[in-house]
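Visitor: I have a structure to go through before setting up some calculations. Could you walk me through it?

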Amino acid sequence: MAKSPNKTPAAKSPVNGGQDRAGVVGETLVAPGGELHQQAGEPASQLTTNQGVPISDNQNSLKAGARGPVLLQDFILREKIMHFDHERIPERVVHARGSAAHGVFECLDSCADVTSADFLQRPGERIPVFTRFSTVAGNKGSMDLARDVRGFAVKFYTQQGNFDLVGNNIPVFFIQDAIKFPDLIHAAKQDPDREFPQAQTAHDTFWDYISLTPESMHMIMWIMSDRTIPRSYRMMEGFGVHTFRLVNAAGASTFVKFHWRPKLNAQSVVWDEAVKINGADPDFHRRDLWEAIDTGDFPEWEFCLQTFTQDQADALPFDVLDATKVIPEEVIPLRVVGRMVLDRNPDNFFAETEQVAYCASHVVPGIDFTNDPLLQGRLFSYQDTQLKRLGSPNFHQIPINQPKCPFHNLQRDGHMQMGIPKGQVNYEPSSLGADVARESQATGYRTFPALETGEQLRVRPDAFADHYTQARMFFISQTEPERDHIVAALIFELSKCNLAAVREAVLSRLVNIDETLAARVAAGLGLRGEITPAPAPVPAGEMEPSPALSILAKSAPGLVGRKVGCLVTDGVDDALLEEVRQAVTAAGAKLAIVAPTITGVVTAGGALLPADFRVDGGPSVLFDAVVLMPSDEGGAALALEATAVNFVRDAFGHLKVIGYLPSAAPLFVKGGLSDANPDVDAGLINFPKAAVADFIAAAESGRIWAREPMVRKVF
Ligand code: HDD
């Protein structure tokens with residue numbers, strides 16, 4: 001790059017202490033290294049203070065003499081620093097780390113039979129949405145691949161107001177009553193004295209709480225499953241969790257559970273991979289979502305209703321008001337009524353993703369609550385927390401929270417009032433002001449007139465007492481690898497719990513779910529004695545397995561939305577690379593080039609092939625399948641790089657499909673994989689014996705589960 005001409009402000013100005021003064025009108029912009037970035041003419045817009053006063057120098061504070069003290073009268077300095085000092089707001093007490101996107105919701109099926117909700121009436125009609133995904137326990141700066149529940153919150157901007165569906169990627173919850181929530185979260189988050197461990201449940205206080213909370217057992221099965229280490233936010237199911245109530249125009253009520261089904265199917269990573277992704281790219285999920293949307297690969301979900309009547313609810317062997325229970329899809333099927341496509345990244349993380357205020361109490365006409373005591377507590381908590389986080393009852397005026405339909409009422413004033421309500425009348429009823437907004441019995445929100453009677457009691461209904469039947473149903477509904485992972489996760493987590501009595505208490509509950517599960521976990525913990533079952537007021541009953549609860553049972557072949565990593569060196573075969581690129585792209589995936597340097601490699605044909613990653617920055621955990629295409633010389637050289645050897649060893653250990661040329665053999669040898677055999681391992685695709693199409697077909701069918709017992713001890 002050209003060196004800057006002698007107009008370098010640093011050289012010119014004795015006042016700036018040798019610092020560059022980028023942005024000065026009419027001068028040349030110079031980077032600290034002295035290289036020319038861009039020419040500055042008149043700025044696109046004049047920099048001003050918040051009061052609109054033009055600023056002449058944004059690099060130097062006002063001083064009494066060049067080396068003198070800074071003057072208090074420097075209102076530009078004070079305003080800038082004051083604003084900076086107040087940039088942060090309290091992070092969310094849970095779900096602090098998240099990522100969001102704008103999108104559209106399209107109604108596919110009129111739901112007028114069950115609800116008057118305006119956005120579910122007319123097939124083909126679209127409304128805007130803003131959707132935020134999150135982890136629960138970790139702080140805002142924690143890593144994406146923590147083993148954790150994921151939040152799945154959607155704000156629907158309907159023509160009858162905002163509807164917030166504040167759900168998770170798991171359809172059940174830890175507790176049945178909101179009064180327990182602060183204790184659950186205290187136990188799950190960092191210990192209060194030492195402020196660690198960060199973003200994980202693998203510690204004493206969490207398992208202590210769980211061991212004393214048998215209602216959490218169903219949720220424990222879910223969080224120990226691969227659901228809590230999703231491959232991508234784009235590949236997660238979503239659930240409203242509670243039973244809600246729909247009300248149609250005639251006032252008839254139907255119960256409902258809300259479901260989101262991803263077009264890309266639910267997909268997960270394996271645990272060792274999750275651990276390594278956290279190091280390789282702590283922003284793995286948010287980057288994945290951002291890049292997918294940025295490149296036009298818009299994630300999509302089906303919106304489904306699982307509706308049922310009071311009679312159907314009464315016939316179920318559990319209480320539909322209990323948030324620790326699912327209604328199996330096999331019992332009450334899902335009705336697809338809409339779809340959501342996320343097609344635009346936020347313009348500003350803070351203004352949108354951070355300030356978006358979801359509230360479980362934000363419903364619209366046609367959608368109502370039930371008496372689920374967990375839901376009832378949430379109806380208070382979210383609005384309260386937004387007041388704390390955003391600092392004003394006017395948080396609905398922040399652009400991301402504003403309804404996109406007209407809204408007006410007689411609420412007034414408060415911190416940061418953004419509107420200028422006009423006129424004399426700010427009360428109702430009033431005989432003044434003909435244009436004042438009025439209530440309407442005909443069109444306004446009407447609560448379903450459910451009949452409620454009862455004594456005031458602090459009790460849990462008897463119908464909530466069965467904590468094991470559905471936990472067992474979930475476990476037996478999993479495929480073998482998925483069961484293995486639940487066992488492994490429990491062993492991992494409980495091995496991080498230093499309290500032997502707690503470990504044993506958890507085991508005494510697991511035995512109520514499934515004896516083999518408990519025995520396998522006990523073996524993994526090295527426990528030799530008998531496991532005494534915990535007292536269970538209602539022992540686990542038998543329910544039919546529900547294949548819909550298994551990710552693998554439902555998975556369909558495909559590489560759409562996935563990423564393939566291609567390890568290359570100088571001398572890479574141009575034709576084969578092109579064939580791989582075309583095949584991967586045709587399969588709907590993206591190919592990333594991983595090379596010994598970021599500049600890239602020179603192909604056998606003499607072309608410069610730029611790299612997406614240097615090999616140490618692009619480990620195979622970032623990809624769904626890999627191709628090893630070094631030249632003969634390059635393969636030998638890569639075998640001397642630990643990161644390249646680990647690339648191959650991890651791809652194998654994480655059960656990925658590996659396409660490779662014979663020139664990659666030194667990497668297998670160095671990685672201790674000499675006996676990996678393409679004749680018995682369907683995931684080893686040996687070019688040119690096998691065709692690129694074979695690689696794609698293998699990669700489309702997913703991980704090589706048959707390899708798993710070879711790469712880790714399965715208790
Ligand atoms: Fe909650 C945030 C989901 C129970 C209290 N919750 C929050 C978010 C999601 C959920 C997705 C993040 C929203 C966002 O992206 O901004 N929460 C759930 C689900 C629950 C649940 C699916 C059970 C079915 N939550 C729950 C209970 C309480 C809360 C029982 C309190 C009694 N949740 C909160 C909160 C948060 C929150 C403290 C923190 C930040 C926020 O609300 O906006 O109010």
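Predicted model: local features only at pLDDT ≥ 70, side-chain atom pairs only at ≥ 80, totals over all residues.

Visitor: Which protein donor does the iron atom of the ligand have?

Guide: The only protein donor of that iron atom is Y382, through its OH, at 1.9 Å. Y382 belongs to helix α10, which covers residues 373-390.

Visitor: How much space lies in the largest pocket, and which residues are closest to its centre?

Guide: The largest pocket holds about 1700 Å³ of space. It is lined by 45 residues, and P406, F407, H408, N409 and Q411 are the closest to its centre.

Visitor: How do the residues of that lining divide into nonpolar, polar and charged?

Guide: The lining of the largest pocket has 17 nonpolar, 20 polar and 8 charged residues.

Visitor: And the cavities? How many are there of 30 Å³ or more?

Guide: The count comes to 3 cavities of 30 Å³ or more. The largest cavity contains about 150 Å³ of space. Its lining consists of 21 residues, with P171, F239, H259, V326 and I327 nearest its centre.

Visitor: Which strand gives the most to the lining of the largest cavity, and how many residues there are charged?

Guide: Strand β9, residues 253-262, gives the most, with 3 residues. The lining of the largest cavity includes 7 charged residues, alongside 10 nonpolar and 4 polar ones.

Visitor: Changing topic: what is the count of disulfides?

Guide: The count is 0 disulfides. C304, for instance, is in no disulfide, and the nearest cysteine sulfur, that of C111, is 11 Å away.

Visitor: Is C304 buried or exposed?

Guide: C304 counts as buried, because its relative accessibility is 0%, and buried means under 20%. C497 is also buried, with a relative accessible area of 0%.

Visitor: What about helices: why is α11 described as largely enclosed by the rest of the structure?

Guide: Helix α11 (residues 469-476) is largely enclosed because 8 of its 8 residues are buried. Among them are R472, M473 and F474.

Visitor: Which elements do the buried residues of α11 pack against?

Guide: They pack against α5 (217-223), α12 (480-495), α13 (500-513) and α14.

Visitor: I would also like to check the backbone. Which peptide bonds are cis?

Guide: The peptide bond from F196 to P197 is cis, with omega near 5 degrees, and so is the bond from F687 to P688, with omega near -5 degrees. P197 sits in the loop between α3 (181-188) and α4 (204-211), whereas P688 sits in the loop between β20 (684-686) and α20 (692-700). As background, most peptide bonds are trans, and most residues other than glycine have a negative phi.

Visitor: Where is the phi positive in a residue other than glycine, then?

Guide: V241 is one case, with phi near 70 degrees. V241 lies in the loop between β7 (238-239) and β8 (244-247) and is buried, with a relative accessible area of 8%. D413 is another case, with a positive phi of about 65 degrees. D413 lies in the loop between α10 and α11 and counts as exposed, at 54% relative accessibility.

Visitor: Two last residues. What does E708 touch, and is E708 buried or exposed?

Guide: Not counting residues up to four places away in sequence, E708 touches P481, H485 and L655. E708 is buried, at 4% relative accessibility, and lies in helix α21 (residues 708-711). E708 and H654 are 54 residues apart in sequence and 8.1 Å apart in space, C-alpha to C-alpha.

Visitor: And A604?

Guide: A604 is exposed, with a relative accessible area of 58%, in the loop between β15 (601-602) and β16 (608-609). Leaving aside neighbours within four places in sequence, A604 is in contact with G571, V572 and D574.

Key. Residues numbered from 1 in each chain as written. Heavy atoms only, no water. Donors = N, O, S within 2.8 Å, 3.2 Å for Na, K, Ca; no water. Helix = DSSP H or I, 4+ residues; strand = E, 2+ residues; numbered from the N terminus. Disulfide = S-S within 2.5 Å. Buried < 20%, exposed > 50% of the residue type's maximum accessible area, 1.4 Å probe, protein only. 1 Å grid on protein atoms, 1.4 Å probe; cavity = no way out; pocket = protein on both sides within 12 Å on 5 of 7 lines; lining within 4 Å. Points joined across faces, edges and corners; volume = space filled by probe spheres on them. Nonpolar A, V, L, I, M, F, W, Y, C, P; charged D, E, K, R; others polar. Contact = heavy atoms within 4.5 Å.
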